Amino acid sequence: PQDYAEAVKWYRLAAEQGDAMAQTNLGNRYGNGEGVPQDYKEAAKWYRLAAKQGIAVAQNNLGIMYEYGNGVLQDNTMAHMWYNIASANGHEKAGGYRDERAGLMTSADISKVQAMARECMNSGYTKCGY
C-alpha cells in the first residue's frame with residue numbers, strides 16, 4: 001500500500017518551493033483525499049499554481065474542477081478555457097472535454113472563451129479570468 005501521508009509531506013515541501021509537478025500531485029492528493037482529508041478547494045489552489053506554470057495535466061484538472069464545480073464555482077466557460085489550454089499544451093483528452101463543453105455553449109460564448117484562452121496563454125498565465 002502507498003503511504004499517501006508521507007507523499008503529501010514531500011509533495012508539499014517541493015510544491016511550496018514552486019515545483020509545478022509537486023503542486024499537481026498535491027492537488028491530486030487533495031482532490032482524491034489521499035493522505036489528507038478530501039478538499040476540492042485546496043486541490044484547485046494547487047492545480048491553479050501548476051497551471052500557471054504551463055503544466056497541461058494541472059490545466060486539464062482545473063478544467064474538471066470548473067466543469068463539476070468542485071472547489072470552484074461551476075463554470076462551463078472556465079472549464080472550456082482550461083481544457084482548451086491543456087489541449088494546446090499537449091494533453092490528449094482535453095480537446096474532447098473542451099468540445100463537450102462547447103456543445104453546451106452558444107457560438108458567441110465559444111468565441112469569447114477562445115479569446116480568453118489566448119489572452120491567458122499570451123499573458124504567461126497571468127490573465128486567466130481569475
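Predicted model: local features only at pLDDT ≥ 70, side-chain atom pairs only at ≥ 80, totals over all residues.

Modeller: Residues are numbered from 1 along each chain as its sequence is written, and side-chain values use heavy atoms, with hydrogens and water left out.

Helices here are DSSP runs of H or I with at least four residues, strands are runs of E with at least two, and both are numbered from the N terminus. The expected span of a helix is 1.5 Å times one less than its number of residues.

At the start of H5, Asp75 places a side-chain oxygen within 2.9 Å of the backbone nitrogen of Thr77. That pair is a polar contact, defined as N or O atoms within 3.5 Å; within protein, one atom must be able to donate a hydrogen and the other to accept it, and residues adjacent in sequence count only if both atoms are side-chain atoms. After H5 comes Gly90, which has a positive phi near 100°.

Which residues of H5 are buried? They are Met78, Ala79, His80, Met81, Trp82, Tyr83, Asn84, Ile85 and Ala86. Buried means under 20% relative accessible area, exposed means over 50%, and partly exposed lies in between (1.4 Å probe, protein chains only). The cover over these buried residues includes helix H3 (40–51), helix H4 (56–68), helix H6 (94–102) and helix H7 (107–122).

Arg101 lies in helix H6 and is buried, with a relative accessible area of 10%. Leaving aside neighbours within four places in sequence, Arg101 is in contact (heavy atoms within 4.5 Å) with Glu67, Asn76, Ala79, His80 and Tyr83. Among these, Ala79, His80 and Tyr83 are also on the list of buried residues of H5. The side chain of Arg101 also makes a polar contact with the side chain of Glu67, at 3.0 Å.

Helix H2 (residues 20–32) can be described in the same terms. H2 has 13 residues and reaches 18 Å from its first C-alpha to its last, close to the 18 Å expected. H2 is mostly covered, with 10 of its 13 residues buried, including Leu26, Arg29 and Tyr30. Its buried residues pack against H1, H3 and H4. Asp19 caps the N-terminal end of H2, with a side-chain oxygen 3.2 Å from the backbone nitrogen of Met21. Gly33 follows H2 and has a positive phi, near 65°.

Charged pairs come next. Side chains of opposite charge can pair when their charged atoms come close. A salt bridge is a side-chain nitrogen of Lys or Arg within 4 Å of a carboxyl oxygen of Asp or Glu, and by this rule the count comes to five. One of them joins Glu34 and Arg29, with the closest N and O atoms 2.6 Å apart. Glu34 counts as buried at 19% relative accessibility, and Arg29 is buried at 13%. Another joins Glu42 and Lys45, at 3.3 Å from N to O. Glu42 and Lys45 are three residues apart in helix H3, so about one helical turn separates them. Glu42 is buried at 18%, while Lys45 is partly exposed at 36%. Glu6 and Lys9 form a salt bridge too, with the closest N and O atoms 3.7 Å apart. These two are three residues apart in helix H1 (residues 4–16), so they also sit about one helical turn apart. Glu6 is partly exposed at 35%, as is Lys9 at 42%.

As for the chain as a whole, there are seven helices and zero strands. Buried residues make up 45% of the 130 residues. Among contacts between residues at least 6 apart in sequence, 50% join residues at least 24 apart. The C-alpha atoms fill a box of roughly 45 × 25 × 25 Å along the principal axes.
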